[in-house]
Amino acid sequence: MKVVNETVVIDGIDKTILNFLMDDAKKSILEIARNIGITGAAVHQRLRKLEKAGLIEGSKLMINPRMLGYKTMAFVGVYLDKAVSNPQAVKQLSQIPEVIECHYTTGNWSIFIKILCRDNEHLMNVLNKDIQAIEGVSRTETFISLNQQIKRQIKI
């Protein structure tokens, strides 16, 4: 494995290890090692190098928000009065627990966010009381997700 222009170049063994873990992050290092035909120490060492290179950003437990009552997902384009409002608006958006992603974008919106709410009424409250109350936000445009059709990582 080597880094070329901030791009990590990986070999076939690295790809196999990563594919095992992307499929099931709870798979043990020893099980992966047995499937590939190398030692557990070699798998561990390769994973540490991939983490150090920045290819692996960490591991986390994923919770199903629907099981906690969060059934409404929405995407919101946020229009700001001035571009200089961006950092302050993002800081305030980060304080709203329902905002789970925030992106600077090109095009009509200054910021594009992803929100999880219990229902449409909860979404309306978050929009009206939290997001539209942020200084510099002139208006928002909301798209409610009816059903997520694709959820995946990039192929390696």
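This is a predicted model: local features need pLDDT of at least 70, side-chain atom pairs count only at pLDDT 80 or more; totals for chains, interfaces and linings use all residues.
## Where to look

Let's start with the layout of the chain. A domain assignment divides the protein into domain 1, covering residues 3-53, and domain 2, covering residues 65-145. The centres of domain 1 and domain 2, taken over C-alpha atoms, are separated by 37 Å.

UniProt, in an unreviewed entry, lists residues 10-71 as "domain: HTH asnC-type". In the model, residues 10-71 are 53% helix and 0% strand.

## Helix α1 against helix α2

Helix α1 runs over residues 12-23 and helix α2 over residues 29-36. The two pack at an angle of about 135°, and their axes are 11 Å apart. Because angles of 65 to 115 degrees count as roughly perpendicular and those over 145 as roughly antiparallel, α1 and α2 are therefore described as oblique to each other. The crossing of α1 past α2 is right-handed.

Sorted by class, the α1 and α2 contact has six nonpolar residues, two polar ones and no charged ones.

## Helix α1 against helix α3

Next comes helix α3, which spans residues 40-52. The axes of α1 and α3 come within 11 Å and cross at roughly 90°, so α1 is roughly perpendicular to α3.

From α1, the residues making this contact are I13, D14, I17, L18 and L21. From α3, V43, R46, L47 and L50 take part. Here the classes are seven nonpolar, no polar and two charged residues.

## Helix α2 against helix α3

The remaining pairing to visit is α2 with α3. Their axes come within 8 Å and cross at roughly 110°. An angle from 65 to 115 degrees counts as roughly perpendicular, so that is the term for α2 and α3.

On the α2 side, I29, L30, I32 and A33 make the contact. They meet G40, V43, H44 and L47 of α3. This set of residues divides into six nonpolar and two polar, with no charged ones.

Key. Residues are numbered from 1 along each chain as its sequence is written. Side-chain values use heavy atoms; hydrogens and water are left out. Axes are lines fitted to C-alpha atoms, for helices over the stretch in contact, and angles run from 0 to 180 degrees between N-to-C directions. Helices (H or I, at least four residues) and strands (E, at least two) are DSSP runs, numbered from the N terminus. Angles under 35 degrees count as roughly parallel, over 145 as roughly antiparallel, 65 to 115 as roughly perpendicular and the rest as oblique. A crossing is left-handed if the near helix is turned anticlockwise from the far one by less than a right angle, and right-handed if clockwise. Ala, Val, Leu, Ile, Met, Phe, Trp, Tyr, Cys and Pro count as nonpolar, Asp, Glu, Lys and Arg as charged, and the others, Gly among them, as polar. UniProt positions are given in the numbering used here, feature names are shortened, and annotations may be inferred rather than shown by experiment. Domain bounds come from an automatic or database domain assignment. Contact means heavy atoms within 4.5 Å.
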